[in-house]
Amino acid sequence: MKRYLVPIFLAFIIAGCTQAPDRLYHPKAIFKAEIKDNDVYYTFYVKGIVYNSNSERVFRDVKGEVRISSGKSVTVLPFEIPPLLPFQKYTLNVEKTGKENEMKPLLDLFRVDIDRLITGGYMNFSDEMDIPSGNFDFVIINYTTENIFDIIKKGRSDEN
Amino acid sequence: MKINDTKLYLFFSITTLVIALIIGSITYYSKLVVEPRVEKLIAAEGNVSENYRIAYSILRNPQMFADYENFDRESIWIKNVIIPYMDDKAFHSRSYTPDEKVYLEALMKRRKQGSDLGRNTVVFFTILTLLGLGFYLYERKKVNAQG
């Protein structure tokens, strides 16, 4: 019995630990082409839903990165999320803009037809595309938490 | 080989009795202390904002058998609509108004459903305890008769 005590104890500890949002739900990618100063600029958008599944924890000062790996290069899209209350969903939108040579790895990964993007499409936007799971990473780097019960009892303002 | 199940029945009865007592204490604490207090706060006509804030701070903690994360029709509405709305209000220190009464009553109703389920569970385990006790006494009488 004694040898099972530590794993059981650890299981309770782990179960009680705060689970930070660790995935982006329904991630989608969209490209946009824009002609500016006689040059073509491409904007890569990623959108998805961040969900706080904790029943008691408020997540504040959440900072993280969306990483898209394409071949040898990794595109990093940093983000910050406003305070996330329990059971709350937040629609995350991150973007990166650059010229063709800078955006080429992403354009190749998603097999975007550049000519079609520049000349056609709805307002030069591509269709929404799924992001291959093997090339996508959602990382939370930093956050602080607060207990919702403390907030309710104190009647605390987020400006304090 | 003689089979003596007396210890088994006794152990079973004690176990079900302990479970009934634990669940009963949680359930009747809710029924006799928590729920009347919250009902009084919700029904109070003066100082609505403060009373509703206290009532929500109590109701925000779900009853053991009525967790807001359970997968049932009512909890989905509570989890997706009521809790985010009321938490947001608390987070931004906005006053509670009589409009929120319907939300508090929904949470109260869920708490009562939970404590009713707790009460029914206590009854169930009490019946099991009595059954176990009955079998224990019968088996003991049989063993004594056999010598």
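Predicted model: local features only at pLDDT ≥ 70, side-chain atom pairs only at ≥ 80, totals over all residues.
Student: Okay, back to Asp37(A). Which loop is it in, and what is its phi?

Tutor: Asp37(A) lies in the loop between S1 and S2 of chain A. Helices (H or I, at least four residues) and strands (E, at least two) are DSSP runs, numbered from the N terminus. Asp37(A) isn't a glycine, yet its phi is positive, at about 55°.

Student: How many bridges pair S1(A) with S2(A)?

Tutor: Two strands pair if DSSP finds at least two bridges between them. S1(A) covers residues 25-36 and S2(A) covers residues 39-51, and the two form a hairpin with two residues between them. Phe31(A) stands opposite Phe44(A) in S2(A). The pairing is antiparallel, and the number of bridges is 10.

Student: What stands opposite Lys28(A) in S6(A)?

Tutor: S1(A) also runs antiparallel to S6(A), residues 129-130, with two bridges joining them. In S6(A), the residue opposite Lys28(A) is Asp130(A).

Student: Moving on to S3(A): what is the bridge partner of Arg67(A) in S7(A)?

Tutor: S3(A), residues 57-70, and S7(A), residues 136-147, pair in the antiparallel sense over 10 bridges. Within that pairing, Arg67(A) has as its partner Asp137(A).

Student: And which residue takes a positive phi in the hairpin of S3(A) and S4(A)?

Tutor: S4(A) spans residues 73-81 and pairs with S3(A) antiparallel over nine bridges. Val62(A), for example, faces Ile81(A) of S4(A). Two residues sit between the strands of this hairpin, and the one with a positive phi near 65° is Gly71(A).

Student: How far are the C-alpha atoms of Pro78(A) and Glu65(A) from each other?

Tutor: Pro78(A) lies in strand S4 of chain A and counts as partly exposed, because it has 13 C-beta neighbours inside 10 Å. Along the chain, Pro78(A) and Glu65(A) are 13 residues apart, but their C-alpha atoms are separated by 4.2 Å.

Student: Let's zoom out. What percentage of the residues in chain A is buried?

Tutor: Chain A has four helices and seven strands, in the order α-β-β-β-β-β-α-α-β-β-α along the sequence. Of its 160 residues, the buried share is 21%.

Student: Now chain B. Why is H3(B) called oblique to H4(B)?

Tutor: Angles here run from 0 to 180 degrees between N-to-C directions, and axes are lines fitted to C-alpha atoms, for helices over the stretch in contact. H3(B), residues 73-91, and H4(B), residues 101-146, pack at about 140°, with their axes 11 Å apart. Angles under 35 degrees count as roughly parallel, over 145 as roughly antiparallel, 65 to 115 as roughly perpendicular and the rest as oblique. The angle of about 140° therefore makes the pair oblique.

Student: Which residues of H4(B) make the contact with H3(B)?

Tutor: Two residues are in contact if their C-beta atoms, placed from the backbone, lie within 7 Å. H3(B) brings Glu74(B), Ile78(B), Ile82(B), Tyr85(B) and Met86(B) to the contact, and H4(B) brings Tyr103(B), Ala106(B), Leu107(B) and Arg110(B).

Student: What about H2(B) and H4(B): how close do their axes come?

Tutor: H2(B) is residues 48-59, and it crosses H4(B) at roughly 35°. On the H2(B) side, the contact is made by Tyr52(B), Ala55(B), Tyr56(B) and Leu59(B). The axes come within 10 Å.

Key:
Residues numbered from 1 in each chain as written. Chains lettered and ligands numbered in written order. Buried ≥ 20, exposed ≤ 12 C-beta atoms within 10 Å, placed from the backbone.
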